[in-house]
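Dear colleague,

I am handing over the structure we spoke about, and below it you will find what a careful look at it turned up. Please read the notes with the structure open beside them.

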Amino acid sequence: MSAHLHLDSSSRPARVLHAESRRGDDGSPAADLEDVEVRSIGSIMANVRRRAQSTAKARTAKGASSSSDDDGSDGEGDDDPSSDEETSDRSSSSEEAGARRSDTRFSTRITGTSWITGKLGGGRGRPIVLPFRVAVTVPVAVAIFLSCIGVGTALTLMFMFANGKVVTSYKDSVNIQRKLMNRLGGNANELAFKNVLSTIDRFVFQNVVEPPDRALDSLWGSMRLFNTEFGISTKIPRFKEVFWYSAWVELMDQWEDRQQWGPSYFTTAVSLYIATPDEMLVGASITHYGKYDQLLYYAPPVPMGQKNKSTTMSVYPANNETGKPVTEAGQPKKIDERTFIPTTRPYYEIQERVKATELEPRTVWSKLYDFVIPVEQKGTPRKFGLSQTRPVAYCGNYDCFEGVIVADILLETINVACNRTWTDVRSLLARPAYNFTITESDSAVFIVNRKSTFYPDQEGILIGASHTGDFVRDQNATFANRSSSPIIADIATAIFSRYGSWRSVPGEEDSPLAFVFSRTPGVDCNFTTPRNRDTCMQVATRVFELDRDVEWLIVVGLPAPAFTEELAKSREKIDDRVKEQEDVSARTLHRVVILCSTVGISMTLASVVLGLRIARTVSEPLKQLGKRMHRLETLDTSTHATMHRRSTLAVREVQEVHEGFSRLTRSIKGFARFVPETVVRNIVSGDSRKRGLHVDSKIVTIMFSDVKDFTTIAESLDPQDLILTLYMYLTAMTRIVERFEGVVSEILGDGLLVFWNTPEDVEFHSGKACAAALAQQQALASLNEKLIGLQLPPLAIRIGLHTGRVLAGNIGSETKMKFGCIGDPINLASRLEGLAKYYGVSALCSGATRANLPRGHFALRKLDLVQVKGKREPVEVHELIGRILHADASASPDTAYFNQAPLLVALPERCRRAQMYEQALDAFQQARLGDAAVLAEALLRESPDDVAAQRLLERALRPPSPQDAPFSPVLQMTNK
């Protein structure tokens, strides 16, 4: 094996070793090297004096006590650890005292202790830490400022006392008038909102509640009469025609009323029908289906015992005069048919829920849902709305429940009501009495589903709004706080945030005004001073009860000053007059204060400028020093970015601190050349765990590299040329290792011990280790050119790579430590480097490293199955040939950079010969020795210098002897 130059701690100067042993807890030197040398010499002289005194005492001792005295002197001598510890403690104490004196001398902050805290705390209180600039500038400025203030205070107080009485009496009278105006404005505002809410309340009742209620009353009366006449009404043949006609008549009556009063003042129920438990449905509707606007529906009952089975509903156009189906060829004209299950629809489901909890039948409202009736043409979105339902129970309770009568209302009706109310409010506010303009962006009238006992998930849905199209329709439900209208969304969000739930929102008729809120965070709005029309909103609410299970919340949101802007203008005029009087008094007071303060402020500013200039001279260099200290934690020792600017005035002590820190920085920078930078960075950054003994179990990749025939090279060179050769070689190799994120743990003379994945994690560490090995071989060409140019011998290297689990961290004794790894993988990597010589190759890696390589980037040749010395299990060894010339980057996108790195390339011819070798090796390992010999000879004819092929051929041709064990493909190595 080649020779190694071992550089250990025994070859270091004594003063350097002593300095390392005296490092502080954070890993930084306790003092400069010169100070350490002085303390080391002092400690040596102290030990010499103690040993001389002990020897003198031993020589003067008598008799049997002489031996005991000798023992005691030995205990006091250089070998006594307690004596050394005491001396070291005294030395450390003196050093700490000196460090404290030095810290106090160069501190940029002033520390003081409260006298009271000192007395109560036993003479030592908690220090008050002040920046240097504050400590210098503030006391001077405050003293001068207070003296000037004292002169002007007397004059100012005299004027303020006389003027204050006049201004106070004037303000009192104005405040009384303001309170009266606020009370009147509040009453007017509340009355206006009551009228608005009452209007929309009436409109909702007339257009939402009354039409279906009237339709159900009419149809229920007809059904009761029919039942009295014919018994069980839904079972007789004429029931369909009678119900068709009764429903059609009622809807047409409502439609004629709508035409008489106008669509803006009256709406109708759009559908009226009955659904029975046997899935029968009969009814009529007013809709738009092509050229027909009146439709009749009939779905026959399903067979007995087949409830919840779908039925087919036929749709017929109704005659405008008779209400009967239009006929064609003597038969009712069917224009459409739909398949559905009536008993699963919301109008039937709600009665089933009431039936399950109550005995007495009652009229209830369904949830919001998309209608099947009225039927629209296919491809047209279905309408949304809700239904008023009444049970068919002639006996007066749910025991004789025969079905449900249903009247449908479209939610488009609610939009009409909200828009009409908003238009009326806008017209009202435009009158001269208010002279206020509202728009769709700053006001809204809308209705929210406040309470739904059976369907709480629908609470908060926007039922209708004055000027938005995102109400419930087309199978979409919009919650109010998610409305596309910003004003509606803001109002709904404010209501929900204030009360926590929609059911908690008040809406009594006596107090409709709920609250005032701001659309802009941070702006204060209230009832008495609503000034900002774009920000402050006032909200009024009223609860509209459809039944005891369903409640709607009517919401009106207007700018806060809508009804009180004129009143606010009057208040502003009064406030302006008050302000004028206050301004007169303030101007007079201002003149007095200016006169008294001008001199004081001028003197104060002068003292501040002087104090800041002095403080800057001291603190600015220390700030720059602090930045350098923070950068030192990351081992950034550059100084050009943080060095303070040169000044004509500098403080000597601060300058000494800078120079001392510069020496410390150079020392740490030099220290990082002996120890991995990550280890030094952890020590400097104050990581307590990284400063002590610790190890972590990690999977790492280890590289051992060595210069081929270095002993011969070293003997042929003089020391200067040898050092230069090593310097150039190790510099180039170290840079390559660090470029691929490796950590040089030790320089073994002419070789390197390198780790990947410790102390910091490295992704694809096996690949990066192999890439570094190839890059080192690639770099040898240019390095050898430089060496030959200097008349120095060229170099060749051997590399061993292995991946395995080791214990990595700080190892050592109580006083000496180093960063390193412990474990069998370290030894195996070293053995692989030695095997490279046996096989005549430049780089070897183990099977474990091969298994962890990214696919498609590296070409390797399986060399053998070897049992190295000191291991029982054989190890696969592979030659690292080079980077694949046309690597497929898509195979591993994260490792595509391997393709761009300057690595040794595996030529196709080289890869072909590697395959020939592996074929011969496979034959040998399968005990086909003849085939292995033939393949090895073929390879040697092409590549006579292939040492591995020569070794394989020798093993294949070696004749067996009687003493040989059974054939084994494992090569056993007996030396390292």
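This is a predicted model: local features need pLDDT of at least 70, side-chain atom pairs count only at pLDDT 80 or more; totals for chains, interfaces and linings use all residues.

Glutamate 279 lies in the loop between strand S3 (271–275) and strand S4 (281–289), where helices (H or I, at least four residues) and strands (E, at least two) are DSSP runs, numbered from the N terminus.

Residues are numbered from 1 along each chain as its sequence is written, and side-chain values use heavy atoms, with hydrogens and water left out.

Most residues other than glycine have a negative phi, and most peptide bonds are trans. Alanine 927, in the loop between H21 and helix H22 (929–942), has a phi near 70 degrees, a positive value in a residue other than glycine. With a relative accessible area of 44%, alanine 927 is partly exposed. A cis peptide bond, with omega about 0 degrees, joins threonine 758 and proline 759, and proline 759 sits in the loop between strand S21 (751–756) and H17.

As for the chain overall, the protein has 23 helices and 28 strands, and 45% of its 976 residues count as buried. Among contacts between residues at least 6 apart in sequence, 64% join residues at least 24 apart, contact meaning heavy atoms within 4.5 Å.

Two helix pairs were examined. Two packed helices are described by the angle between their axes and the distance between the axes. Here the axes are lines fitted to C-alpha atoms, for helices over the stretch in contact, and angles run from 0 to 180 degrees between N-to-C directions.

Helix H16 (residues 719–739) packs with helix H17 (residues 765–789) at an angle of about 150 degrees, their axes lying 10 Å apart. The crossing of H16 past H17 is right-handed, a crossing being left-handed if the near helix is turned anticlockwise from the far one by less than a right angle, and right-handed if clockwise. The residues of H16 that meet H17 include Met728, Tyr729 and Met733, and those they meet in H17 include Ala772, Ala775 and Leu783. By class, this contact of H16 with H17 has 11 nonpolar, two polar and two charged residues, where Ala, Val, Leu, Ile, Met, Phe, Trp, Tyr, Cys and Pro count as nonpolar, Asp, Glu, Lys and Arg as charged, and the others, Gly among them, as polar.

In the second pair, helix H21 (residues 908–925) and helix H23 (residues 947–957) pack at an angle of about 25 degrees, with axes 11 Å apart. H21 and H23 are therefore roughly parallel to each other, and their crossing is left-handed. Tyr917, Ala920, Leu921 and Phe924 in H21 meet Ala948, Ala949, Leu952, Arg955 and Ala956 in H23. By class, the contact of H21 with H23 has eight nonpolar, no polar and one charged residues.

Turning to the cysteines, how many disulfides are there? The count comes to one disulfide, taken as a pair of cysteine sulfur atoms within 2.5 Å. Cysteine 395 and cysteine 400 form it, with their sulfur atoms 1.8 Å apart. The torsion about their S-S bond is about -100 degrees, so the disulfide is left-handed. Cysteine 395 is partly exposed, at a relative accessible area of 44%. Cysteine 770, by contrast, is buried, at 0%, and its sulfur is 5.0 Å from the closest cysteine sulfur, in cysteine 845, too far for a bond.

Finally, isoleucine 826, in helix H18 (residues 824–839), is buried at 11% relative accessible area. Not counting residues up to four places away in sequence, isoleucine 826 touches Ile702, Phe704, Phe755, Val806 and Cys821.

Terms used. Buried means under 20% relative accessible area, exposed over 50%, partly exposed in between (1.4 Å probe, protein chains only). Angles under 35 degrees count as roughly parallel, over 145 as roughly antiparallel, 65 to 115 as roughly perpendicular and the rest as oblique.
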